[in-house]
Amino acid sequence: MFCYQCQEANNNIGCMKSGMCGKRPEVANKQDLLIWVTKGLGYVVTKLRKQGISIAQDINSLVSHNLFTTITNANFDEKAIDRRIELTIEKTQELRELLKDQLNLPKACLYNDLNRENWEQQARQVGVLSTIDEDERSLRELTIYGLKGLCAYVKHAEVLGKIDDEIDAFIQRALGDTLTNLTIDELISLVLETGEYGVKAMALLDEANTSHYGNPEISKVNIGVGKNPGILISGHDLKDLEMLLKQTEGTGVDVYTHSEMLPANYYPKFKKYSHFIGNYGSSWWNQREEFKSFNGPVLFTTNCIVPPLDEYRDRIYTTGASGFSGCKHIEGEIGEEKDFSEIIEHAKSCKPPVEIEKGEIIGGFAHNQVLSLQDKIVDAIKSGKIKKFVVMGGCDGRQKGRNYYTDFAKALPEDTVILTAGCAKYRYNKLDLGDIDGIPRVLDAGQCNDSYSLAVIALKLKEAFGLDDINELPIVYNIAWYEQKAVIVLLALLSLGIKNIHLGPTLPAFLSENVAKVLVDKFELAPISTVEEDIATLI
């Protein structure tokens, strides 16, 4: 295998024997094959669109679901990946017959071998290293990883009934383009275009979430426990949470959020459920200890899954794009009501969760809520009470060096305010950093999916101050990354023209020296350094 799509790539080069995430070589290689045949499907449907043929939504859904399945820590189930490869090959062959011109098609469009015993060998020929030129490979993979993050947003919007054919058409065209001989300049343009569509996809998801569940509002979230047995729900899918809350109502089973599901506590519609207790635990990488003490079953709606320990493996359930071999998977297509009765009955037989902390944390500062405070914020900036906003969104991870982000937050001057989204917030969202005239110094906009709020806030402040350049705002960026949704967030920020972003804890292994230099020269992208040096540089 060879995989370097996440921040934990071995020695910041790549995982070659097994994934640092726990992914086995056969799973990694099947994921490579799934991406390759999905590129072939993307190429075919792009040509069909040019013929004037409309593409059915089930094909759009198949493409985005395939990419979502291969995101880091989402799906470790080889059989589930095999089924997606098979379906993709069948759909590609079916649609290819509609092409007027079938000459000179890439091999990925022609591959029709449904014998699973041959897939391992084929996968070895089409993985990351099949692109020989390092810079070309770097830009292709940067595009693919951005598309994976983009597809996560598209899938979450789709389950709430929001789709955009323009975004789907771009995803498929971009996938197909990575099969062709694009020049370096054309690949750079494709990377930036991926960022532009990332912004559009974030806006689509924001509309989907807020139209269904209301605008997030300032909320105090309980981090203690109740007396009833509970279900812990992790990941990002709010629709799954909604269905679970409805089905657990009146059963005597409580529901708690975990990791990236924390911001669900900020939405008005979910607050009506009295058995929705609050948030249990912290970031994804602490789950082995936290799942043991929770006692009840855990539902993964998306990533991030850490391969479960035997002592609680039977309490792990997956759904949607997530999966782990040996764990129960709850089926349900988009538009269907999923049946959570099994996990609910399982919870009833479990002990209540063990309390691991007490108190509350404050969040709910998405764009609508923050912009309602715009006059107060503008006055605080003009008076000098707020000197800088520091965007510290992105992902958390298990490297010891990530203590940097806690130390950085602690070291920030008291006239700075942190804007955050994503699980990176767990490095500082429980610190007592105080407030500035009633404005908390940590403003949590929500999930990594909600990073759109950070862009909207910046654009509205630019408008309020009458600035021509977004980089003239008193906002600096110190972003942590781990997986591919952070990649699309980064590309989205770059597409908006934002410069001088600091990125850590390491620069991505998939950035070649020359590609990294392009990003440094064009956007002043920089790796993090020490807390003291970065405070001096940014603040």
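Helices here are DSSP runs of H or I, at least four residues, numbered from the N terminus. With that in hand, let's walk through this predicted model, starting with its pockets.

The largest pocket holds about 870 Å³ of space. Its lining takes in 40 residues, and the ones closest to the centre are His65, Arg84, Gly320, Gly332 and Glu333. Which elements give two or more residues to that lining? They are the helices α2 (57–69), α3 (78–96), α6 (134–158) and α9 (238–248), along with the strands β6 (316–319) and β7 (328–330). Helix α2 gives the most, with six residues. Sorted by class, the lining has 15 polar, 14 charged and eleven nonpolar residues.

Now on to the second largest pocket, with about 580 Å³ of space. Here 30 residues make up the lining, and Trp36, Lys39, Val126, Gly127 and Ser130 sit nearest the centre. Two or more lining residues come from each of α1 (25–50), α4 (107–110), α5 (119–126) and α6. By class, you'll find twelve nonpolar, ten polar and eight charged residues around this second pocket.

Next, the cysteines. Cysteine 423 counts as buried because its relative accessibility is 5%, and the cut-off for buried is under 20%.

Notes. Residues numbered from 1 in each chain as written. Predicted model: local features only at pLDDT ≥ 70, side-chain atom pairs only at ≥ 80, totals over all residues. Heavy atoms only, no water. 1 Å grid on protein atoms, 1.4 Å probe; cavity = no way out; pocket = protein on both sides within 12 Å on 5 of 7 lines; lining within 4 Å. Points joined across faces, edges and corners; volume = space filled by probe spheres on them. Nonpolar A, V, L, I, M, F, W, Y, C, P; charged D, E, K, R; others polar. Buried < 20%, exposed > 50% of the residue type's maximum accessible area, 1.4 Å probe, protein only.
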